[in-house]
Structure formats: C-alpha cells, structure tokens
Amino acid sequence: MPQLEGPEKALDWGERSRHQLMTSAHTALVVEGTWDAADWAELEEKARSITRAGWWIDQRDAEGTDLLELLDAAGEDDRGTENPFH
C-alpha cells in the first residue's frame, strides 16, 4: 500500500484504520464470502488510490463488506495524484 498523506499526527492512525478495514474486508469478502483473487485484486487497486489518511480514519467504523461501495464513493480529494502541482 502507498504512503498516506495528511497531517503528521493522522498518518499512523490512518495506517491503522486502513489496515483494519482492509483486513475486515478480506475476511468478510474472500475468506467467509464468495470473492476470488481477481475480485480482491480489483478492490485492492481501488484502495491503493485512496491516499488521504483522513479518509481511512473517517471509515474506521465501517463494515468490511461496505468497503467497495465506500471506495467507489470516494472523492478526488481523497485520491493521490502524481502531479505535484495538484
């Protein structure tokens, strides 16, 4: 997963929140659900695009089964950009 962006004090919390939500989603969707490796890889790619620590912190209480919908609803401000002038 890429480094998160945001205030220094939010980075560790964002990393923990992302890890917990991704783990919960994997358990619910793949281990206990019907998703295969390709389905998970698609979700993981979407998750990699969300680099704002605050977004992950905001989702910390979400259910793992809701992660795909949450990622689809994320705004442009939540996604990282390779353009340093953005």
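This is a predicted model: local features need pLDDT of at least 70, side-chain atom pairs count only at pLDDT 80 or more; totals for chains, interfaces and linings use all residues.

Q: Where is Asp72?

A: Asp72 sits in helix α4.

Q: Is Asp72 buried, exposed or partly exposed?

A: Asp72 has a relative accessible area of 46%.

Q: How far apart are Asp72 and Lys46?

A: In sequence, Asp72 and Lys46 are 26 residues apart. In space, C-alpha to C-alpha, they are 7.9 Å apart.

Q: What about Leu71, what does that touch?

A: Leu71 touches Leu43, Lys46, Ala47, Ile50, Trp55, Trp56 and Arg79, not counting residues up to four places away in sequence. Lys46 and Arg79 are on the Asp72 list too.

Q: Zoom out for me. How many helices and strands are there?

A: The protein has four helices and zero strands. Along the sequence, the pattern reads α-α-α-α.

Q: What does the C-alpha trace span?

A: About 40 × 25 × 20 Å along the principal axes.

Q: And how does the radius of gyration fit a compact globule?

A: The protein has 13 Å. A compact globule with 86 residues would have a radius of gyration near 12 Å, so the value agrees.

Q: What share of the residues is buried?

A: Of the 86 residues, 30% count as buried. The accessible surface comes to about 5700 Å², and 48% of that belongs to carbon and sulfur atoms.

Q: How much of the contact comes from residues 24 or more positions apart?

A: Take the contacts with a separation of 6 or more: residues 24 or more positions apart account for 62% of them.

Q: Now helix α1. How many residues, and how far does it reach?

A: Helix α1 covers residues 8-31, so to speak its 24 residues. From first C-alpha to last, α1 reaches 34 Å, close to the 34 Å expected at 1.5 Å a residue.

Q: Which residues of α1 are buried?

A: Ala10, Leu11, Gly14, Ser17, Arg18, Leu21, Met22, Ala25 and Leu29.

Q: What covers them?

A: The cover includes α2 (37-48), α3 (53-58) and α4 (67-73).

Q: Wait, Arg18 is on that list. Why does Arg18 count as buried?

A: Arg18 has 3% relative accessibility, and buried means under 20%, so Arg18 counts as buried. Leaving aside neighbours within four places in sequence, Arg18 is in contact with Met1, Pro2, Leu4, Ile50 and Trp56.

Q: And Ala10? Which residues does Ala10 touch?

A: Ala10 touches Ala53 and Ile57, with residues up to four places away in sequence not counted. Ala10 counts as buried at 12% relative accessibility. Ala10 and Asp36 are 26 residues apart in sequence and 33 Å apart in space, C-alpha to C-alpha.

Q: Is Val31 buried or exposed?

A: Val31 counts as exposed, at 59% relative accessibility. Val31 is in helix α1 as well. From Val31 to Ala53 is 26 Å, C-alpha to C-alpha, and 22 residues in sequence.

Q: Let's do the inside. How many residues are in the largest nonpolar core?

A: The largest nonpolar core has 18 residues. Those with the most contacts inside it are Met22, Leu43, Ile50, Trp55, Trp56, Leu67 and Leu71.

Q: Which helices supply this core?

A: α1, α2, α3 and α4 each supply at least two residues of the core. The largest share, six residues, comes from α1.

Q: Why would nonpolar side chains be together?

A: In soluble globular proteins, nonpolar side chains tend to be buried together.

Q: How many aromatic pairs are there?

A: The count comes to one aromatic pair. The rings of Trp55 and Trp56 have centres 4.9 Å apart and planes at 85°, so this pair is edge-to-face.

Q: Are those two buried or exposed?

A: Trp55 counts as buried, at 4% relative accessibility. Trp56 is buried too, with a relative accessible area of 0%.

Q: Last one. Where does Gln59 lie?

A: Gln59 lies in the loop between α3 and α4. Gln59 counts as buried, at 13% relative accessibility. Gln59 touches Leu21 and Leu70, not counting residues up to four places away in sequence.

Methods
Residues are numbered from 1 along each chain as its sequence is written. Side-chain values use heavy atoms; hydrogens and water are left out. The expected span of a helix is 1.5 Å times one less than its number of residues. Buried means under 20% relative accessible area, exposed over 50%, partly exposed in between (1.4 Å probe, protein chains only). Contact means heavy atoms within 4.5 Å. Rings of Phe, Tyr and Trp (its six-membered ring) pair if their centres lie within 6.5 Å; planes under 30 degrees apart count as stacked, over 60 as edge-to-face and the rest as tilted. The radius of gyration is taken over C-alpha atoms; the globule rule is 2.2 Å times the number of residues to the power 0.38. Accessible areas come from the Shrake-Rupley method with a 1.4 Å probe; for residues, only the protein chains shown count as cover. A nonpolar core is a set of buried Ala, Val, Leu, Ile, Met, Phe, Trp, Tyr and Cys residues joined through side-chain atoms within 4.5 Å.
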